[in-house]
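Thanks, everyone. Let me put the model up and walk you through a few spots.

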Amino acid sequence: MERLLVLTRHGQSEFNRRNLFTGWRDPDLTERGIAEAEAAGRRLKREGFSFDVAFTSGLVRAQRTCALMLDAMGLAGIPVMRDRALNERDYGDLAGLDKDEARTRWGDEQVHRWRRSYDVRPPGGESLKDTAARVLPYYIAAILPRVMRGERVLMAAHGNSLRALVMVLDRLDSDAVATLEIRTGEPLVYRLAADTTVAEKRVLPRDDAGG
């Protein structure tokens with residue numbers, strides 16, 4: 001039985017382009033982000049992947065990425081489940097601020113701790129641990145059962161909601177997850193074993209030339 005789960009971070013958003021903390025703010029994709037999403041879909045199609053169901057967050061940049069990928073694969077008609085449990089980490093008071101300006105205000109070390117640590121919250125926001133506390137129950141209740149019964153699942157979400165899930169799938173500790181980067185528009189392909197652990201993982205590198 002095929003137990004396929006493909007995770008993809010949304011394409012570049014307008015806030016990504018402007019180097020702003022995004023969180024639960026809801027900017028759309030840039031032209032580059034649209035191209036990244038379409039290219040990810042084409043790459044998956046070339047590799048022979050198909051899907052039965054897709055999951056995405058409550059934010060437009062992930063929803064649009066999901067739709068563009070499915071369109072590129074000729075799968076626009078499959079069910080798409082949207083849930084805020086898969087939203088990006090809430091950056092609280094940092095949302096909308098320029099990252100370089102934040103470093104000037106609070107210092108490189110503090111901003112790095114807010115961005116990369118596992119259990120340190122930015123002011124008014126969520127830590128990665130907090131994000132995991134909503135992502136993982138949703139994954140276990142809504143996504144994993146479909147994978148385990150042989151449905152091929154695509155998930156388009158966000159850097160930190162995916163980091164929270166990859167931390168568990170890849171069995172990373174809090175130190176290792178601090179260095180984990182998930183690139184926009186770059187699919188992570190997982191095949192699960194019968195005990196729900198990872199049997200195989202592949203990264204499909206993004207073609208930065210737009211192919």
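Aromatic pairs, then. This is a predicted model, and three such pairs turn up in the structure. Take Phe21 and Tyr91. Their rings are tilted, with 55 degrees between the planes and 5.1 Å centre to centre. In the chain these two are 70 residues apart. Phe21 belongs to the loop between helix H1 (14-17) and H2, and Tyr91 to the loop between strand E3 (80-82) and helix H4 (99-106). So the pair links distant parts of the chain.

Next pair: Phe55 and Tyr138. This one is edge-to-face, at 75 degrees between the planes and 6.2 Å centre to centre. Again, distant parts of the chain are linked. Phe55 has 1% relative accessibility and counts as buried. Tyr138 has 15%, and the cut-off is under 20%, so Tyr138 counts as buried.

Back to Phe21 for a moment. Which residue lies over its face? Lys99, at 5.7 Å from the ring centre.

Lys99 takes us to the largest pocket. Lys99 is among the residues nearest the pocket centre, along with Arg9, Asn16, Arg115 and Glu181. The volume is about 510 Å³. In total, 27 residues line this pocket. By class, 12 are charged, 10 polar and five nonpolar. Which helices supply at least two lining residues each? Helix H2 (31-46), helix H5 (108-116) and helix H7 (159-169). H7 gives the most, with three.

Arg9 is another of the residues nearest the centre, and Arg9 also sits in strand E1. Why call E1 largely enclosed by the rest of the structure? Because six of its six residues, 4-9, are buried. Both faces are covered. Leu4, Val6 and Thr8 are on one side; Leu5, Leu7 and Arg9 are on the other.

Now the neighbours of E1. Strand E5 (residues 188-192) runs antiparallel to E1, joined by four bridges. There, Leu4 stands opposite Arg191. Strand E4 (residues 153-157) pairs with E1 in the parallel sense, over five bridges. In E4, Ala156 is the bridge partner of Thr8.

That's my tour. Over to you.

Technical notes. Residues are numbered from 1 along each chain as its sequence is written. This is a predicted model: local features need pLDDT of at least 70, side-chain atom pairs count only at pLDDT 80 or more; totals for chains, interfaces and linings use all residues. Side-chain values use heavy atoms; hydrogens and water are left out. On a 1 Å grid over the protein atoms alone, a cavity is a set of points where a 1.4 Å probe fits but cannot get out, and a pocket is an open set with protein on both sides within 12 Å along at least five of seven lines; lining residues have an atom within 4 Å of a point. Grid points are joined across faces, edges and corners, and a volume is the space filled by probe spheres set on the points. Ala, Val, Leu, Ile, Met, Phe, Trp, Tyr, Cys and Pro count as nonpolar, Asp, Glu, Lys and Arg as charged, and the others, Gly among them, as polar. Buried means under 20% relative accessible area, exposed over 50%, partly exposed in between (1.4 Å probe, protein chains only). Two strands pair if DSSP finds at least two bridges between them. Rings of Phe, Tyr and Trp (its six-membered ring) pair if their centres lie within 6.5 Å; planes under 30 degrees apart count as stacked, over 60 as edge-to-face and the rest as tilted. A charge sits over a ring if NZ of Lys or CZ of Arg is within 6 Å of the ring centre and within 35 degrees of the ring normal.
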